Amino acid sequence: MTTGQLIVVDHAVALLSAAAWFAAGAAVAARRARLALGLLGAAVLVTLVRVATVAVLAGRGWWFVQEKVLLGLPMLGVAGAAAVVVAARRAPGVVAYFTAGYAAAAGLVVTLVAGYPLSWSTALIAVSAVGGAALLTARVVAAPGVAPPGAAPPAGDDATGHALARRRFLGVAGGVVVAGAGVTGVGLRLSPARPVATGGGTGPSVTGLRGAAAPAPGGTTRRHTLSARTATVRLPSGREIRALTFDGRVPGPPITAAVGDLIEVTLRNADVEDGVTLHWHGYDVACGEDGAPGVTQAAVAPGGEFRYRFRADQAGTYWYHTHQASHRGVRRGLYGTLVVRAGEDHNGLDLTLPVHTFDGVTVIGDRDGRTDRTVPGGTAVRLRLVNTDSDPHRFALAGTRFRVAAVDGRDLNEPGEVGGAALRLPAGGRYDVVFAMPDAPVALVVDGDRAGGVRLLPEGRADAGVADTAGWPELDLLRYGTPAAAPFDARRPDRRFTLVLDRGLAVVDGRPAYAQTVNGRGHPSIPDQVVAGGDVVRFTVVNRSLTTHPWHLHGHPVLVLSRNGRGASGSPLWMDTFDVRPGEVWEVAFRATNPGIWMNHCHNLPHAHEGMMLRLRYEGVTTPFHGHHLG
Ligand SMILES: [Cu+2]
């Protein structure tokens, strides 16, 4: 069973245990002795099962069970044991049973609302709440003529007296909870933002960390002006989309260069109200060119402009997109591709295929529906697959064997030929797929849609339909290609950071929210990760939640070390966006060689907007920008 499935099972068992204890209590209150005994047995049994599921989950990592082991299970254990003792003494067990139910429910609530790491304030609130509920239940049960909870109170003076006493009691119980919260300060979790370092540092400001001003010898300067504006874009099917565009196009104009060229892009904002920036996804530009609003620059408002300039030192497939209100801007069209070629153009077919979803319609490049191309047999083909959405896409290449030549722009070492395997591409990720065109049709199928996608057809050949690729196994890139030496020793890192991804109650942008959290906090209250130039930095990224989080660090590709404790055994795998699925634990490392203040966030952009974002800061580097950055 995967850890993600185990988490779901554990939630279900926790819910079941609470239900069983409450049902037992209700049966006692209704004076159904035999039923109560049966339900007590069931409650004890489910509680023991819960202990077992937590024990198995603990084997997958302490992050998954900390609050259960330290708080949830002890509370439930004490309350459950008390209930069993009460039952053994043949005493009426309403209060004891209900209290066990409260404890079981409180444990689940803590898991869903607070998660990891467990704080003293959370523990105190939970214990106070269970204690308060138990006292309240005792009070209700003790009231004459009000034995079954929920029954109408008797009329008359007596009832009024009880109502007053109950009110006083409620006040006391409520006070206990509130005081508990106040004493340790829920504030620990909900404390205000710690701003990014602004001034006072000893190092450079991000505004001084700019790209090269000239191409390498022999290179040329590639100048572009991109104008961000709203536009209605008509797709080949006739469908029209209200888009946010660069130059009225979706995707924006492709930017291409050869290694050594200078790329100079002037961004203008015509009428995009949110403001706009350009982030060069996966391209390790100098920090001042990174396009992170509020950190490396101010967002470009309507009427404004900003010039980006950097040298194309890395070959490969990349993309650019706005980083300002990107959960809206990128989704609605503010993106384009950046492809840098290593040498002279080869004579084959080189297709860049960004995949994007507009209102539920898959658009590949600038086309919806199916795209056919005639390709002579024997042609060397390179398909550059780019996922510009916030969710993963599944690609299947039918009709040929192929190699994955590059991942996230970086070449793999001796990638082997594969066939009948699907490729899952994380949000923001890129795969370069290469093959020699056979004398038969080849189909690129996206997300199982055999009617759409791309068809490559040899001259004179019609499409003959596509095999069902739904059952194809997924190619595991951690075991693909041939190992090679890493440029640093990741076993002895200079810095280690653990990022536990979850959902929970946290402050995001000054407001409490059911946030997407990192270590129990939301942006911008997540502490900066501080590194020094030259450090080997290691991340452990843990996903406690039930959704996939494509993790993306700006400015540095990371070397994948392991997933779920199992080391990567194929080609060195450098990624700038890696999918951490529910229950997964990834270990990655990089060397800090690109000074600056870098966003480090989930590339499911709505998640980033809901708090799942932090900064990696080089010691001493400062920024003059103060805005909270909600990518
Ligand atoms: Cu996410």
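Modeller: Tyr-514 counts as partly exposed, at 42% relative accessibility; buried means under 20% relative accessible area, exposed over 50%, and partly exposed in between, with a 1.4 Å probe and protein chains only. The model is predicted, so local features need pLDDT of at least 70 and side-chain atom pairs count only at pLDDT 80 or more, while totals for chains, interfaces and linings use all residues. Residues are numbered from 1 along each chain as its sequence is written, and side-chain values use heavy atoms, with hydrogens and water left out.

Tyr-514 is found in strand S22 (residues 511-518). Strands (E, at least two residues) and helices (H or I, at least four) are DSSP runs, numbered from the N terminus. On the surface, Tyr-514 belongs to a nonpolar patch with Val-109, Leu-112, Val-113 and Leu-505, and together they have about 400 Å² of accessible area. Such areas come from the Shrake-Rupley method with a 1.4 Å probe, and for residues only the protein chains shown count as cover. A patch takes residues with over 30% relative accessible area and no salt bridge, joining like charges within 9 Å and nonpolar side chains (Val, Leu, Ile, Met, Phe, Trp, Tyr) within 5 Å. Helix H4 (residues 94-113) gives the most to this patch, with 3 residues.

Next come the salt bridges, each a side-chain nitrogen of Lys or Arg within 4 Å of a carboxyl oxygen of Asp or Glu. By this rule the count is 36. One of them joins Arg-495 to Asp-535, with the closest N and O atoms 2.6 Å apart. Arg-495 lies in strand S21 and Asp-535 in the loop between S23 and strand S24 (536-543), so the pair ties together parts that are 40 residues apart in sequence. Arg-495 is partly exposed at 23%, whereas Asp-535 is buried at 9%. Another salt bridge links Arg-581 and Glu-474, again with the closest N and O atoms 2.6 Å apart. Here Arg-581 sits in the loop between S29 and strand S30 (585-591) and Glu-474 in the loop between strand S20 (449-457) and strand S21 (495-508), so the tied parts are 107 residues apart in sequence. Arg-581 is partly exposed at 27%, and Glu-474 is partly exposed at 38%. A network of salt bridges links Asp-10, Arg-50, Glu-67, Lys-68, Asp-502 and Arg-544.

Strand S25 (residues 549-553) pairs with S29 in the antiparallel sense over 4 bridges. In that pairing, Asp-579 of S29 is the bridge partner of Pro-550.

Methods: Pairing = 2+ DSSP bridges.
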